[in-house]
Structure formats: C-alpha cells, structure tokens
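Here is a short briefing on how side chains meet inside one protein model. Keep the structure open as you read.

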Amino acid sequence: MEKLIALVSDFDDTLFFNREAIILAAKDLHEIVEREKKGEEDCKTLSDLEIISRDGKIPKDFSKPWKSQLYTFAYGRYGEKLTPNKPIIRYLNERAERERSETIILSARGEEFRRQTKELLDTYGLRYNKIILPDNHYLKDEEWKLLEVEKLSKEYHRILLFEDKLDNIKYIENNLNSKNIEFYLVNRSFIINVTGQLPKQKQ
C-alpha cells in the first residue's frame with residue numbers, strides 16, 4: 001500500500017492565536033510568584049513573566065515547569081480568548097482534500113490539553129486524522145518535535161510541516177536528513193515555503 005502525504009501542523013500561533021490568553025495567564029502567575037517568591041530563581045521568573053505580560057511571547061529559556069503552569073492557566077482560565085487562524089484552517093482543509101492527504105496536529109502544548117485542543121479543532125472545522133502531544137515536558141519543544149517528525153517521515157511518503165517558529169524549523173531541518181519533508185513558515189495568514197532556504201546551524 002502506498003504511503004500517504006501528511007500535512008503536519010503546529011497548533012499555537014499557527015492554527016490558533018493565543019496571545020491574549022497568554023498575557024492574562026502571565027499576569028495571574030506573576031501575582032502568585034510575587035506573593036510566594038523565595039530567591040533569585042523566582043526573581044528571574046518574575047522578570048520573564050513581565051516580558052510575557054507585555055509582549056505575549058514566551059522567552060526561549062523560560063522555565064519548563066513554569067511554562068507548563070502558564071499554559072494551564074491560559075487554556076484552563078482563558079481558553080475562550082484563543083482565536084482561530086481561519087485562512088490557514090481553510091487552506092489545510094482544501095489542500096488535504098485536493099491531495100488526498102492526512103492532517104496531523106503536532107503540538108508541544110502537552111497531553112493534558114488534549115480535550116481543549118480537540119474541542120477547538122472540532123469547533124472551527126479543521127478536519128484532522130490525529131493529534132500528537134507530549135506526555136511529559138522533559139525535552140525542549142524543538143527536540144520533541146524533531147523526534148516526532150522523524151517517526152512520521154518513516155510512515156509517510158511526503159510530509160509538509162507548518163510551523164510559526166522559524167527556530168523550530170531550522171532545528172528540525174538541520175538535524176533530520178530527510179528529503180521527503182517540506183517546511184512552511186506560517187506568519188498570521190501567510191504561508192512561506194522555506195525548504196532548503198535557511199542557513200545551516202553549527203553543530
């Protein structure tokens with residue numbers, strides 16, 4: 001049986017915009033850390049949370065446990081603030097139908113958010129075949145995604161990866177020697193094919 005084509009899409013800031021929910025969650029978390037802070041590490045967390053509250057973007061070196069708590073607040077308390085990227089959802093549905101491909105959601109948001117993830121996808125009509133989420137947070141997001149994309153590359157004849165973080169694309173492309181993967185950078189409603197166009201990172 002011939003292997004299928006897979007459209008593999010990130011979730012946050014690719015299919016759904018989470019900036020408002022993240023900002024509100026960061027403000028809640030800041031109040032808790034401020035009230036209970038004990039040392040220099042908490043001061044660093046407070047500084048990061050102030051940046052998140054202002055910009056709605058999570059620093060790359062933000063603590064994994066605090067990041068998990070931030071997402072718990074964002075999706076648990078402010079899930080209704082997530083807004084769909086309708087042009088990208090429509091594009092994936094149309095392309096999957098045209099190419100008879102499967103659509104896979106690959107998100108580092110965590111297995112604990114599967115129900116909320118599925119509800120949002122179903123509500124806004126994205127037709128998908130499977131959702132892949134990590135059941136732990138030991139690896140960095142890009143490391144976990146690399147492992148999962150590598151597994152998928154052995155299951156499918158061709159993979160089209162849609163991702164809003166250029167650093168994640170660079171990391172996967174540089175560390176995965178596979179010719180059957182195309183990389184697409186998603187910037188709001190725009191999609192840019194960046195396959196083979198990024199400078200190689202030094203190992």
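A polar contact is a pair of N or O atoms within 3.5 Å; within protein, one must be able to donate a hydrogen and the other to accept it. The model shown is predicted. Start with one asparagine, then move on to rings, charges and nonpolar cores.

- N180 sits in the loop between α7 (166-175) and β7 (181-187).
- Is N180 buried or exposed? Its relative accessible area is 17%. Buried means under 20%, so N180 is buried.
- The side chains of N180 and S178 make a polar contact of 2.3 Å.
- Not counting residues up to four places away in sequence, N180 touches S153, Y156, H157, R158 and I159.
- Take I159 from that list. In sequence, N180 and I159 are 21 residues apart. In space, their C-alpha atoms are 6.2 Å apart.

**Aromatic pairs**

- How many aromatic pairs does a search of the whole structure find? The search finds six.
- One of them is Y71 with Y75, and this pair is stacked. The ring centres are 5.3 Å apart, with 10 degrees between the planes.
- Both residues belong to helix α3 (residues 64-78). Y71 and Y75 are four residues apart there, so about one helical turn separates them.
- Y71 and Y75 are both buried.
- Y91 and F162 pair in another way: their planes are at 70 degrees, so the pair is edge-to-face. Their ring centres lie 6.0 Å apart.
- What does the pair of Y91 and F162 tie together? Y91 is in helix α4 (residues 86-99), and F162 is in strand β6 (residues 158-163). The pair therefore ties together parts that are 71 residues apart in sequence.
- F162 is buried, at 0% relative accessible area. Y91 is partly exposed, at 24%.
- F11, F16 and Y124 form a cluster linked by ring pairs.

**Charges over rings**

- R77 has its charged end over the ring of F73, 3.9 Å from the ring centre.
- R188 has its charged end over the ring of F17, 4.1 Å from the ring centre.

**Nonpolar cores**

- The largest nonpolar core has 37 residues. Which of them touch the most other members? They are F11, L15, F16, L49, L70 and L121.
- At least two residues of this core come from each of β1 (5-9), α1 (19-36), α2 (40-55), α3, α4, α5 (114-123), β6 and β7.
- Look at F11 again. Leaving aside neighbours within four places in sequence, F11 is in contact with F16, L82, I105, L106, S107, R109, T117, L120 and L121.
- Another core lies apart from the largest one. This other core has 21 residues, among them W144, L176, I181 and V194.

How values were computed
Residues are numbered from 1 along each chain as its sequence is written. This is a predicted model: local features need pLDDT of at least 70, side-chain atom pairs count only at pLDDT 80 or more; totals for chains, interfaces and linings use all residues. Side-chain values use heavy atoms; hydrogens and water are left out. Buried means under 20% relative accessible area, exposed over 50%, partly exposed in between (1.4 Å probe, protein chains only). Contact means heavy atoms within 4.5 Å. Rings of Phe, Tyr and Trp (its six-membered ring) pair if their centres lie within 6.5 Å; planes under 30 degrees apart count as stacked, over 60 as edge-to-face and the rest as tilted. A charge sits over a ring if NZ of Lys or CZ of Arg is within 6 Å of the ring centre and within 35 degrees of the ring normal. A nonpolar core is a set of buried Ala, Val, Leu, Ile, Met, Phe, Trp, Tyr and Cys residues joined through side-chain atoms within 4.5 Å.
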